[in-house]
Amino acid sequence: MRLGIAACGLILLCGALRPAAAQHPDFDAVVERARELAPMNSLIIWHRDSLVVESYFRGMARDRRANIKSASKTVLSALVGMAVADGDIPSLDTPLAELLPDYFDDVPEEKRDITLRHAITMRTGLETTSFRNYGAWASSRDWVRFQVDQPMECRPGGCWSYSTGTSHLVGVVLARATGESLLAYARRKLFEPLGVRLAPWDRDPQGNYLGGNNMQLRPLDLAQFGRLFLANGRWQGEQLVQASWIEESWDRYGRSPWNGNGYGFYWWNRRIAGESAWFAWGYGGQFVFVVPRLDLVIATTASLVNRPRGVNHNNAVYRFLGQYVIPTVRERGPSYTAPAR
């Protein structure tokens, strides 16, 4: 199934890069509205493979990186797909007990049934190490052990529970399977081909890079990642991510009890103004949305300090897309009509 249009390559080679804080006149009202949406500090919009908005607010700038928080999980998902395609990971249905045997040698039998597929869809059955448990997990001596030792809330695959400790397990699995650090593998397989510089980020007490949190990217880089998925994983003539992996990643395996968003392989999905949108989402308002039917990618970041009280910024972003961005894009018209999903 065709999910997007072919990408033209690196941003600087596309012939559509505009000066920082400039935008296509069609989007003037969109940018003015974005400027009012504190704490939003960047807005990048690609439409029909052209950069139509690149705007920064509240001290953000083109060359400044944002902590993309849990949008890092979506990047991790792409890396796992690459490792599966290369045969470094034999199958998503491989038990974690085989991939991390030193952590599963003395666990209850039901934990030995947890597979990588359960972990990449947040259905391990283990109690979360996010939210109320995040501080204890992050301050523990061994983040992998802490997550594996969490009590079971249901059988593997039987319930959905968002957990950064779970995505960290996946990051450690990936590093062991490939024989490279998560940073080195991400640079070599994904970001260098995209023309993006990925800086080091947090590591656990054992030296493993944090799987699924705190990567830092420029807003343009975040949009570049979204464009790769819009282009069915193909970039400058090379298939970086298998189209079949994208198809599977965008299926729905769980649903958030807080907002109703669907969940795939660390991708969220929801309907916005009647359109199917898949997105990476990080705490505080770090987003990249992919809307295949409209040939559209939107990236936005937000400040993590000096945030207005009593404002649900996530819902404000959804409304902003539905009331301003998508109507403006529809007026311009898509370059093709993708199959409905």
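The largest share of the lining of the largest pocket, four residues, comes from α11. A pocket here is defined on a 1 Å grid over the protein atoms alone: it is an open set of points with protein on both sides within 12 Å along at least five of seven lines, where a cavity is a set of points in which a 1.4 Å probe fits but cannot get out. Lining residues have an atom within 4 Å of a point. Helices (H or I, at least four residues) and strands (E, at least two) are DSSP runs, numbered from the N terminus. The elements that give two or more residues to this lining are β11 (275–282) and α11 (313–332). The lining counts 25 residues. Of these, F131, W281, G282, Y283 and G284 lie nearest the centre of the pocket. The space in the largest pocket is about 670 Å³. That volume is the space filled by probe spheres set on the points, with grid points joined across faces, edges and corners.

The model is predicted, so local features need pLDDT of at least 70 and side-chain atom pairs count only at pLDDT 80 or more, while totals for chains, interfaces and linings use all residues. Residues are numbered from 1 along each chain as its sequence is written, and side-chain values use heavy atoms, with hydrogens and water left out.

How confident is the predictor? pLDDT is its confidence in each residue, from 0 to 100. The protein chain averages a pLDDT of 92, and 91% of the residues score at least 70. Over residues 1–21 the pLDDT is below 50. Beyond near neighbours in sequence, that stretch still has 74 contacts in the model, a contact being heavy atoms within 4.5 Å. Residues 336–341 also have a pLDDT below 50, with 20 contacts beyond near neighbours in sequence. Where pLDDT is low, the predicted coordinates should not be read in detail.

Go back to F131, one of the residues nearest the pocket centre. F131 sits in the loop between α4 (116–120) and α5 (134–138). Its phi is positive, about 55°, although F131 is not a glycine. F131 has a relative accessible area of 49%, so it counts as partly exposed. The classes are: buried under 20% relative accessible area, exposed over 50%, partly exposed in between (1.4 Å probe, protein chains only).

R58 also has a positive phi of about 55° without being a glycine. R58 lies in the loop between β3 and β4 (66–67). Its relative accessibility is 40%, so R58 is partly exposed.

Now turn to strand β2. Eight of the eight residues of β2 (residues 40–47) are buried, so the strand is largely enclosed by the rest of the structure. Two strands count as paired if DSSP finds at least two bridges between them. β2 pairs with β13 (residues 296–302) in the antiparallel sense, over seven bridges. Within that pairing, H47 has L296 as its bridge partner. β2 also pairs with β3 (residues 50–56), again antiparallel, over six bridges. Here W46 stands opposite L51 of β3. β2 and β3 form a hairpin with two residues between them. R48, in the turn, has a positive phi of about 55°. In a regular strand the side chains alternate between the two faces of the sheet.

P39 is found in the loop between α1 (28–36) and β2.

Two helices can be checked for length. The expected span is 1.5 Å times one less than the number of residues. Helix α9 (residues 219–230) has twelve residues and should span 16 Å; its end C-alpha atoms are 17 Å apart, which agrees. Twelve of its twelve residues are buried, including D221, Q224 and R227. After α9 comes N232, whose phi is positive, near 60°. Helix α2 (residues 71–86) has 16 residues and should span 22 Å; the distance between its end C-alpha atoms is 24 Å, which agrees. In α2, 13 of the 16 residues are buried. G87 follows α2, with a positive phi near 85°.

Finish at Q147, in helix α6 (residues 143–148). Q147 has 0% relative accessibility, so it counts as buried. Not counting residues up to four places away in sequence, Q147 touches L126, E127, T129, W137, S163, G165, T166 and L169. Q236 is 89 residues away from Q147 along the chain, and their C-alpha atoms are separated by 39 Å.

Notes. pLDDT = per-residue confidence, 0-100.
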